[in-house]
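Biologist: I would like to learn how to read a protein model, feature by feature. Could you take me through this one?

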Amino acid sequence: MRSIKLGTRNSPLALWQAREVERNLQNRNYSTEITPIVSSGDKNLQQPLYAMGITGIFTKDLDIALLNHEVDIAVHSLKDIPTELPENIEIIAVLKRDFPQDVLVRKPDAETLDLRDLKIATSSLRRRAFWLKEFPDTEFSDIRGNVQTRLRKLEEQDFDATLFSLAAIERMGLDIRYEAIPIMISAPAQGVVAITGRSDDPEMKEVFKEINHLPTQICINIERNFLNTLEGGCTAPIGAFAEINDKNEIRFRGRLCSLDGQNCIETDEIFTYKEGVNYGKKFAEEVIRNGGREIMQQIKTQL
């Protein structure tokens, strides 16, 4: 078989993810080649993502490379992939999820401050709204860039703390202090590495069948269907997290908030999974009926 070309963003975290997929392939005796590609989201670090007006900002350039046969597969953080994929592109595998949580990283001189008194740097509408739900007087700054860039900005600029996905910190092996934030619900599919391929490439789909982690796939499908039904794209403050417990039940937590965090609708369900049931859609429709439609219309108007 030919050497498999893996497309990836060229950030340190994205390259770690690509090497993890490469390791899975090489363990199965496939020859591989990593092809870094600069994404539009990495070229513009000044504007917050929601102000750039499109979804898929981190995936578009990799999609083009994939469709142009410049690469055989593309490796992504799944939370960056829009729920509506381009024609002839599909998610062909996911790796086992690790570290899905959001965590807080403070400046040393802000370690004794109460959470409500922190000035927070984040460009994520979800993180802002969920924080404002608990601490409505918080002052925010925008921050963009990879993990290392944001840590440098935390050191140099005028704010007290910022929020990361724990996966980013752990995968980079960073020796920094962080604290869990129970008030947060993760972005849909946070902490999951995904592999996309061309729908008309059965060879790649067959290769990745044995790499795909089915329990993770079941959970992220629920989360992404929840997001898709709410029509959140990558911009609305939507959290969704599903996990399988030791009784083979799934617990799903979902949340939709207004931009100011003061109007939130949540769902928390435990159920026995049955194949063929669209649980994410079902739970999202409950949120919509309970006032979610009005929140989404308000968000679209404000943005």
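Biologist: How many bridges pair β5 with strand β9 (residues 179-180), and in which sense?

Modeller: Two strands pair if DSSP finds at least two bridges between them. Here β5 and β9 are joined by two bridges in the antiparallel sense. Within that pairing, leucine 104 stands opposite glutamate 179 of β9. The names come from DSSP runs numbered from the N terminus: helices are H or I with at least four residues, strands are E with at least two.

Biologist: Which strand is joined to β5 by five bridges?

Modeller: That is β8 (residues 161-165), running antiparallel to β5. Aspartate 102 has serine 165 in β8 as its bridge partner.

Biologist: Are the residues of β5 buried or exposed?

Modeller: Buried means under 20% relative accessible area, exposed over 50%, and partly exposed in between (1.4 Å probe, protein chains only). In β5 (residues 102-106), five of its five residues are buried. Asp102, Leu104 and Arg106 cover one side, while Val103 and Val105 lie on the other.

Biologist: Before we go on, what kind of model is this?

Modeller: This is a predicted model, where local features need pLDDT of at least 70, side-chain atom pairs count only at pLDDT 80 or more, and totals for chains, interfaces and linings use all residues. Residues are numbered from 1 along each chain as its sequence is written, and side-chain values use heavy atoms, with hydrogens and water left out.

Biologist: Where is confidence lowest, and where is it highest?

Modeller: pLDDT is the predictor's confidence in each residue, from 0 to 100. The chain averages 91, and 92% of the residues score at least 70. Helix α2 (residues 40-43) has the lowest mean, 46, whereas strand β10 (residues 193-198) has the highest, 98. Over residues 41-55 the pLDDT is below 50, although this stretch has 34 contacts in the model beyond near neighbours in sequence. Contact means heavy atoms within 4.5 Å. Where pLDDT is low, the predicted coordinates should not be read in detail.

Biologist: In what order do the five strands of the open sheet come?

Modeller: The order is β2-β1-β3-β10-β4, with mixed pairing. β2 (32-36) and β4 (89-94) are at the edges with a single partner strand each, so one side of each has no neighbour in the sheet. Further in, β3 (residues 73-77) and β10 pair in the antiparallel sense over five bridges, and valine 75 has isoleucine 195 as its bridge partner in β10.

Biologist: Which strands does helix α1 touch?

Modeller: Helix α1 (residues 12-26) packs on the sheet and touches β1 (4-8), β2, β3 and β10. A polar atom of its side chain lies 2.9 Å from the backbone oxygen of glutamate 20. Leaving aside neighbours within four places in sequence, asparagine 24 contacts Leu95 and Ile211.

Biologist: Which residues touch the most other members of the largest nonpolar core?

Modeller: A nonpolar core is a set of buried Ala, Val, Leu, Ile, Met, Phe, Trp, Tyr and Cys residues joined through side-chain atoms within 4.5 Å. In the largest one, of 23 residues, they are Phe226, Leu230, Ile238, Phe252, Leu256 and Phe271. Helix α9 gives this core its largest share, eight residues. Apart from it lies another core of 18 residues, including Ala110 and Leu118.

Note on methods:
Axes fitted to C-alpha atoms, helices over the stretch in contact; angles between N-to-C directions. Polar contact = N/O pair within 3.5 Å; in protein donor to acceptor, adjacent residues only side chain to side chain.
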